[in-house]
Amino acid sequence: SKSELPHSMIVNKYNELFIFGTTGSSDYPTTNNAFDQTFNGGPAISGLVVSFPNGSDLIISKISANGGSLMSSTFIGGSDNDGLNTSSYLKQNYADEVRGEIDIDKNNNIYIASCTYSSDFPIQNSLQQNYNGGLEGCVIKIDDQLSSIIWSTYLGGGSDDAIYSLCIDKKN
């Protein structure tokens, strides 16, 4: 019922489509097996092409090869805004506000690169457990059913940080 912005899409070896993006909707469709069925949101965001009056969360959705069914779908986020770069220091190019990436490894695990303002972002088995304040980069590895985070981490220093892209190499 609110705004959604797709950031990146990818098709796996089974021709299932994974969509990564940001939502401001508490009623965004999730599935029973989802990692998180609850929209957490944050403070209102305006000044983008669309507005997010209830804040934002990351979303990942998996659609069947024929496009006819939503196979898996989840929110990911903390109590502040996730997935939107509103840092004036990091907006240099067109659409920097909504940059982020999804990729799939050879074992069909899903990787997300994005950003968060949430000090309580779901961090698990991480490289960097501590939120350093402001906008923080984040990376997530989640199973292909979107039900379990394998690992997730903040990635950044004391100033604003965001991660715009990622790529899985031959060694995963």
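**Exercise 1. Find the residue with a positive phi in the hairpin of strand 7 and strand 8.**

Step 1. Locate the strands: they are DSSP runs of E, at least two residues long, numbered from the N terminus. This is a predicted model, in which local features need pLDDT of at least 70, side-chain atom pairs count only at pLDDT 80 or more, and totals for chains, interfaces and linings use all residues. Residues are numbered from 1 along each chain as its sequence is written, and side-chain values use heavy atoms, without hydrogens and water.

Step 2. Look between the two strands, where the hairpin has 6 residues. Leu146 takes a positive phi near 60°.

Step 3. Check the pairing (DSSP must find at least two bridges between two strands). Strand 7 and strand 8 are antiparallel, with 6 bridges. Ile140 faces Ser152 of strand 8.

**Exercise 2. Work out the strand order of the open sheet.**

Step 1. Start at strand 5. Its antiparallel pairing with strand 6 (residues 110-116) has 4 bridges. Glu101 has Ala113 as its bridge partner in strand 6.

Step 2. Move on to strand 7. Strand 6 joins it through 7 bridges, again antiparallel. Here Ala113 lies opposite Val139.

Step 3. The order is 5-6-7-8. Strand 5 (101-104) and strand 8 (149-155) are the edges, each pairing on one side only.

**Exercise 3. Explain why strand 7 counts as largely enclosed.**

Step 1. Sort the side chains. Glu136, Cys138, Ile140 and Ile142 point one way; Gly137, Val139 and Lys141 point the other.

Step 2. Apply the cut-off: buried means under 20% relative accessible area, exposed over 50%, partly exposed in between (1.4 Å probe, protein chains only).

Step 3. Conclude. In strand 7 (residues 136-142), 7 of the 7 residues are buried, so the rest of the structure largely encloses this strand.
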